[in-house]
Amino acid sequence: MCAVKNAVKLALGVDLGGTKILTAIVNVRGETLSRDYRATPVQEGPDGVVKAIVDSVDVVLRQAGIAITDIEAVGIGAPGISNPGTGTIITSPNLPGWHDVPLRDMVAGKLDIKCFLVNDANAAALGEMSFGAGRGARNFIYVTLSTGIGGGIVVDGRVYSGSTGIAGEIGHMTIDDDGPLCNCGNKGCWEALASGRALEKEARRYIEEGANTTILACAGGELEKVTARVIQVAAEQGDDLAQKLIARTGYYIGVGLANLINIFNPELIIIGGGLSNMGDMLLKPALKEAAGRVYKASWQAVRFARAELGADSGVLGAAVFAFREES
Ligand SMILES: [Zn+2]
């Protein structure tokens, strides 16, 4: 039986986020043998987070009934700016206080196995390319619309990572030179205008100014509970402001998509992330705006698809990264 079990190569994927860690044992066909999901103890700093990753790895190994020596390698997808070459997280808005943290070597030292570090959005692009909506595509862009905006650029079948591994920060292209301040310190970034966080900020601003809207009521009367999901519910119930704010977010999404299409001439754009679950009310204005801004030939060449792997794209992609780097 062991020979059969070991015939298919296995990797361990870790999707490290600011709020949760998803760990899974994945085979080369993208099948998950076991998984563990737990909160990220961000307040405990890098040592606490590494311990949580190691504990999570122990759980998935036990669940699958295998040893760490049965695993080819570990791929860790992490948020923020990291250097895959050195395995270091340079800085990460989702991991406060992390600067030049050698995460790859910290985890490798505890697990005694080869580990690799990859940007989380690049990992998600790899996941979709290998097992999801990007199968068969050679040139595509994965866009994740969420609290922020992230992405991965696939050129000729490989994730384009730039000269030092930090390419693909599409959320931080400037859309409005005098726009709202972004978490990165710049003004008018795509994610400062078109993300879930941007949508929430705008809604709260209107509510504070006394706008006539049911959004606050949908949030139980509490301003801090005004989330993108709440705004969506208000819009679905016919709230005029909610509908306008979502359409405006879609407009800005379209402006950014137009830039990407004109620059990269992709065959496919995969759209994922929680915000994209709003569907047509968000994506229709986005595609309309993009269509009006790009070269016709580029528009005719591109198709759009929703991400297929949902919350698993990152962990599967991290495992794919491990397979690729190890081979
Ligand atoms: Zn920014």
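User: Hi! What should I keep in mind about the numbering and the model?
Analyst: Residues are numbered from 1 along each chain as its sequence is written, and side-chain values use heavy atoms, with hydrogens and water left out. The model is predicted, with local features needing pLDDT of at least 70 and side-chain atom pairs counting only at pLDDT 80 or more, while totals for chains, interfaces and linings use all residues.

User: Great. Is β1 buried or exposed?
Analyst: β1 is mostly covered, with 7 of its 7 residues buried. Buried means under 20% relative accessible area, exposed over 50%, and partly exposed in between, using a 1.4 Å probe and protein chains only. Strands here are DSSP runs of E with at least two residues, helices are runs of H or I with at least four, and both are numbered from the N terminus.

User: And which residues are on each side of it?
Analyst: L10, L12, V14 and L16 are on one side of β1, and A11, G13 and D15 are on the other.

User: Which strands does β1 pair with?
Analyst: β1 is joined to β2 (residues 20-27) by 7 bridges, running antiparallel, and to β4 by 4 bridges, running parallel. Two strands pair if DSSP finds at least two bridges between them. A hairpin through 3 residues links β1 to β2.

User: Switching topic: in what order do the strands of the open sheet come?
Analyst: The order is β11-β10-β9-β12-β13, 5 strands with mixed pairing. β11 (158-159) and β13 (303-306) are at the edges with a single partner strand each, so one side of each has no neighbour in the sheet.

User: How many bridges join β9 to β10?
Analyst: There are 6 bridges between β9 (residues 140-145) and β10 (residues 149-155), and the two strands run antiparallel. F140, for one, has V154 in β10 as its bridge partner.

User: Now helix α3. Which residues are buried there?
Analyst: In α3 (residues 103-111), the buried residues are L103, R104, V107, A108 and L111. Seen down the axis of α3, they fall within an arc of 125°, so they line one face of the helix. That arc is taken over the directions from the helix axis to the C-beta atoms.

User: What covers them, and what's on the opposite face?
Analyst: The cover includes β1 (10-16), α2 (45-64), β4 (74-78), β6 (88-91), β7 (99-101) and β8 (115-119). The face turned away carries the exposed residues G109 and K110. After α3 comes D112, with a positive phi near 60°.

User: How do α4 and α12 cross?
Analyst: The axes of α4 (residues 120-131) and α12 (residues 313-326) come within 7 Å and cross at roughly 85°. Axes are lines fitted to C-alpha atoms, for helices over the stretch in contact, and angles run from 0 to 180 degrees between N-to-C directions.

User: Last one: where is V302?
Analyst: V302 is in the loop between α11 (296-301) and β13. V302 counts as buried because its relative accessibility is 10%.

User: What does V302 touch?
Analyst: Leaving aside residues up to four places away in sequence, V302 touches I261, P266, E267, L268 and I269. Contact means heavy atoms within 4.5 Å. V302 and N265 are 37 residues apart in sequence and 7.4 Å apart in space, C-alpha to C-alpha.
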